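Welcome! Take a moment to look over the structure below, and then walk through it with this briefing.

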Amino acid sequence: MAGFTAEAGSARLFWLRGGRLLTGLLSLAVTLLGLLVFTFILSHLSPVDPVLQIAGDHASESTYVQVRHELGLDQPLPVQFWRYLVHLAHGNLGISRLTNSPVASDLLRTFPATFELATCAMIFGAFFGILLALVAAWKPGSVVDNIARMISLLGYSVPVFWLGLLGLLLFYAVLHWSAGPGRLDDIWIYTLEPKTGLMLVDSWLSGDKEMFRNTIAHLWLPVVVLGLLAMAAITRLLRAALLEESSKEYVTLARAKGASRGRILLLHVFPNVRGTLITVLVLSYTSLLEGSVLTETVFAWPGVGRYMTTALFASDTPAILGSTLLIGGCFITLNALADALTYLTDPRTR
Amino acid sequence: MKLLLPAIAVALASSFAAQAATPPDTLVIAQSIDDANSFDPAQGFELTSVQAFTNLYQRLVQPDPKNPVDLQPTLASSWQAGSDNRSLTFALRDGVKFSSGNPLRPEDVIFSLGRVVKLNLDPSFILTQLGWTKENVDSHLKKIDDQHVQISWTADVSPTYVLSLLAAPVSSIVDEKSAMANAQKNDFGNSWLIAHSAGSGPYQIRKYIPHEVLLLSANPTSPAGAPKLKNVLIKNVPEPAARRLLLEQGDADIARNLGADQMAALKGKTDVKPMAIPMASLYYLQFNIDASPALKNPAFWEASRYLFDYKGIADDLLKGQFQVHQSFLPQGFLGALNDNPYTYDPAKAKAILAKAGLQNVSFKLSVSNQPPYLDIAQALQASFARGGVKVELIPGISTEVATAVKAHQYQATLNAWGADYFDPNTNASAFAYNPEDGSKTLAWRSNWHIPELNKQTLAATAESDKEKRIKLYENMQREVQKNSPYVVGLQARNLIALRANLTGYIQGINPDMVYYSQVSK
């Protein structure tokens with residue numbers, strides 16, 4: 001009987017989990033569709049005429065009509081959207097009007113650059129952000145806490161554009177500690193064959209140690225600039241969560257029992273704010289993935305942020321939709337991942 | 001601890017950075033290449049593409065780099081106008097080979113000019129002015145023998161004018177065999193030529209990654225002779241301040257499109273050479289004369305010419321980026337008027353407005369929200385206010401403003417006009433021509449009806465005599481300068497800086513006049 005109950009229980013759990021997964025996937029698809037509809041409508045509300053963008057100032061009326069027809073813009077909006085969806089289902093994101101190449105290949109080329117930058121910045125930001133938050137929560141109100149708060153406030157308030165230029169001026173132009181804008185020195189551009197699009201991996205695989213070192217020389221400064229942004233967010237939110245958790249009764253009890261401040265913070269309080277930590281980390285990461293356009297501009301980093309911004313200015317609808325889909329997909333997937341991680345690590349959420 | 005860790009990280013990372021100089025056989029250029037959409041001469045019409053064409057392709061005739069108003073035989077060795085002035089027969093230069101090794105044939109000329117018309121892309125209007133259409137173009141391009149090709153046209157234009165059009169980048173001669181070997185579905189090789197080249201210029205495209213890099217390598221068989229440097233690497237550096245840093249550090253040999261602040265920062269540095277090169281780009285204020293009765297009144301147009309603070313904007317606001325220029329042909333063009341009769345004089349403007357009974361005039365100025373447009377517009381707002389004219393700024397992204405202006409949905413706009421080819425007609429047919437046939441010329445955008453100027457514009461293209469042409473254009477410029485719904489105020493300068501060790505770089509007034517082949521360092 002007991003065995004039967006356990007079996008039934010595990011089957012129920014299986015269906016429950018399967019159901020959750022299905023619901024998750026469904027909500028993912030609906031959210032992405034909503035995002036696409038929204039972006040599609042917005043890009044068509046834009047007062048910019050994409051036909052003029054292509055046909056040019058001097059196009060005759062017949063050319064204008066012909067280009068409009070070729071772009072499918074003479075069709076009603078729902079028809080245009082349906083066509084886009086059908087192409088999308090076949091893995092075709094369309095041709096960028098700006099680069100004249102398939103949006104999918106443009107994204108495959110630009111996304112790894114952003115991914116590499118954002119991931120490294122995230123690792124930097126998470127490491128120092130958590131460290132700074134712990135140091136600050138160790139002795140709230142102390143000099144160390146105030147310094148930590150000041151650093152995180154600076155990270156929040158200093159414009160990343162300005163910080164990037166300043167960083168280049170100091171570390172590249174004056175101290176020569178960093179390489180200049182771009183992902184690699186010019187001499188390597190002839191030889192490097194991109195395999196993954198991640199410069200760290202590609203230069204490592206090439207077996208050329210100089211190239212690998214050069215990649216790091218180019219990478220570290222934008223990583224630190226962007227990482228400071230993530231660090232600021234992580235420090236502030238995590239510090240607040242740690243302090244709030246520290247005021248709970250079990251902490252007082254632990255103190256009364258004679259546990260050291262460090263032991264309490266690291267072994268009791270810190271594990272209990274993991275839900276907040278996961279959320280903060282994921283939110284920071286997604287904002288780095290989508291919002292590094294200014295850093296990419298200053299550091300001549302050919303990432304997806306710049307690709308999308310250039311497309312926006314040129315009213316390049318297929319490129320705008322493709323990038324939105326990619327970034328939206330990343331955002332939703334990472335959020336789902338955060339939910340799953342919280343679910344797995346925190347029994348209170350089950 | 002927390003200060004130590006970043007210090008270690010920075011110290012470690014810095015050990016990887018080495019001060020680099022540009023490779024000795026490569027010209028490294030830092031500029032924005034975000035505008036480039038195609039390197040096919042039948043399609044590319046943006047700055048980055050056009051700057052590359054002269055280095056990738058050759059035309060039958062081309063402007064002399066040192067004196068652009070003189071056309072030089074390039075792929076043609078000589079030419080002869082037909083007796084009816086409606087055709088030109090070209091003798092092709094001997095022994096010319098494309099970068100592929102294929103020899104130049106009359107078929108290549110016919111293919112190159114024909115595909116421009118048949119593809120009907122952005123710059124095709126330059127050649128369709130000759131009366132060429134998809135249907136008839138083949139009958140206007142004729143092979144005489146293996147060394148001669150004849151070009152004919154129906155439009156009432158002189159052979160002199162046709163030569164100017166054949167000297168434009170759109171008339172670049174493409175290697176038919178290479179292009180057609182890569183053609184897809186009747187595209188005459190267009191999709192391949194977007195990122196490849198098939199010309200006889202001193203360079204060829206080795207690698208092109210949109211928004212990232214354009215790498216050119218030498219074409220040793222070019223009739224222009226092998227270039228001095230083996231490679232030209234044009235890298236996308238969108239931020240002007242970063243371009244300046246790259247140049248200062250020796251990581252770039254040329255930094256393009258710098259701002260006035262970058263130029264000021266480079267002043268006095270011995271290892272860089274800043275240059276301000278006049279461009280065929282005019283900044284002008286334009287009124288939509290049907291938007292209000294005041295905007296239609298010639299007295300208001302005249303008053304506006306005294307309310308544009310030319311010198312204040314050129315010298316103080318946008319130091320060095322502009323020079324004062326008040327006629328519709330930029331300095332450097334055949335027949336350009338370079339005297340500037342108007343100065344900022346609000347009192348005189350007020351008197352003109354009062355005499356015409358115009359009171360409390362106001363207008364909305366649609367303008368791109370990008371520099372320098374918005375800066376100039378704000379300066380105009382202040383200078384017009386001193387003359388009693390209220391200007392309301394309507395900033396928008398440039399494509400949005402352009403769309404509104406081309407739909408007559410504006411009152412006034414501040415814009416720039418760049419020459420499409422190196423002939424005075426490129427601007428005359430914009431400022432002084434409104435054929436009312438659907439062409440959205442600048443005059444059309446102003447709703448300005450000018451049958452007399454239309455005739456003059458056409459007559460100037462039909463005129464073969466150079467001196468007579470100059471006279472015609474001078475008269476038209478004076479007329480437009482005196483009485484038109486435009487205030488042409490400024491001519492742009494391209495602010496660039498070179499490493500001091502660079503020699504042989506030539507850049508002319510038109511965007512295609514960028515010559516890399518004689519550069520050495």
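Predicted model: local features only at pLDDT ≥ 70, side-chain atom pairs only at ≥ 80, totals over all residues.

Helices (H or I, at least four residues) and strands (E, at least two) are DSSP runs, numbered from the N terminus. Residues are numbered from 1 along each chain as its sequence is written, and chains are lettered from A and ligands numbered from 1 in the order in which they are written.

**Chain A as a whole**

- Chain A has 16 helices and 0 strands.
- Its C-alpha atoms fill a box of roughly 85 × 70 × 45 Å along the principal axes.
- Of the 350 residues in chain A, 39% are buried; a residue is buried if 20 or more other C-beta atoms lie within 10 Å of its own, exposed if 12 or fewer, and partly exposed in between, with C-beta atoms placed from the backbone.
- Helix α11 (residues 249-256) of chain A is hardly covered, with a count of 0 buried residues among its 8.
- Just after α11(A) comes Gly258(A), with a positive phi of about 95°.

**The two domains of chain A**

- Chain A is divided into domain 1 (2-89) and domain 2 (103-349); such bounds come from an automatic or database domain assignment.
- The centres of these two domains of chain A, taken over C-alpha atoms, are 29 Å apart.
- Where they touch, 14 residues from domain 1 of chain A and 11 residues from domain 2 of chain A take part; two residues are in contact if their C-beta atoms, placed from the backbone, lie within 7 Å.
- On the domain 1 side of this contact in chain A, α1 (2-45) and α2 each supply at least two residues, and α1(A) has the largest share with 9 residues.
- By class, that domain 1 side in chain A has 8 nonpolar, 6 polar and no charged residues; Ala, Val, Leu, Ile, Met, Phe, Trp, Tyr, Cys and Pro count as nonpolar, Asp, Glu, Lys and Arg as charged, and the others, Gly among them, as polar.

**A helix pair in chain A**

- How do α5(A) and α15(A) pack, and at what angle? Their axes are 7 Å apart and meet at an angle of about 130°; axes are lines fitted to C-alpha atoms, for helices over the stretch in contact, and angles run from 0 to 180 degrees between N-to-C directions.
- That angle makes α5(A) oblique to α15(A), because angles under 35 degrees count as roughly parallel, over 145 as roughly antiparallel, 65 to 115 as roughly perpendicular and the rest as oblique.
- Asp106(A), Leu107(A), Thr110(A), Phe111(A) and Thr114(A) of α5(A) meet Val304(A), Gly305(A) and Tyr307(A) of α15(A).
- This contact of α5(A) with α15(A) has 4 nonpolar, 3 polar and 1 charged residues.

**Where the chains meet**

- In the contact between the chains, 52 residues of chain A meet 47 residues of chain B.
- Elements of chain A giving two or more residues to this side include α5 (103-138), α10 (209-246) and α15 (304-313).
- The side of chain A that touches chain B has 27 nonpolar, 16 polar and 9 charged residues.

**Chain B as a whole**

- Chain B has 20 helices and 19 strands.
- Of its 521 residues, 55% count as buried.
- The C-alpha atoms of chain B fill a box of roughly 85 × 70 × 40 Å along the principal axes.
- In chain B, domain 1 (30-203) and domain 2 (280-493) are assigned, and their C-alpha centres lie 32 Å apart.
- Contact between these domains of chain B joins 15 residues of domain 1 to 12 residues of domain 2.

**Backbone details in chain B**

- Most residues other than glycine have a negative phi, and most peptide bonds are trans.
- The peptide bond from Pro371(B) to Pro372(B) is cis, with omega near 5°.
- Asn257(B), in the loop between β11 (254-255) and α10 (260-266) of chain B, has a positive phi near 50°.
- Asn447(B) has a positive phi of about 60° and is partly exposed, with 16 other C-beta atoms within 10 Å.
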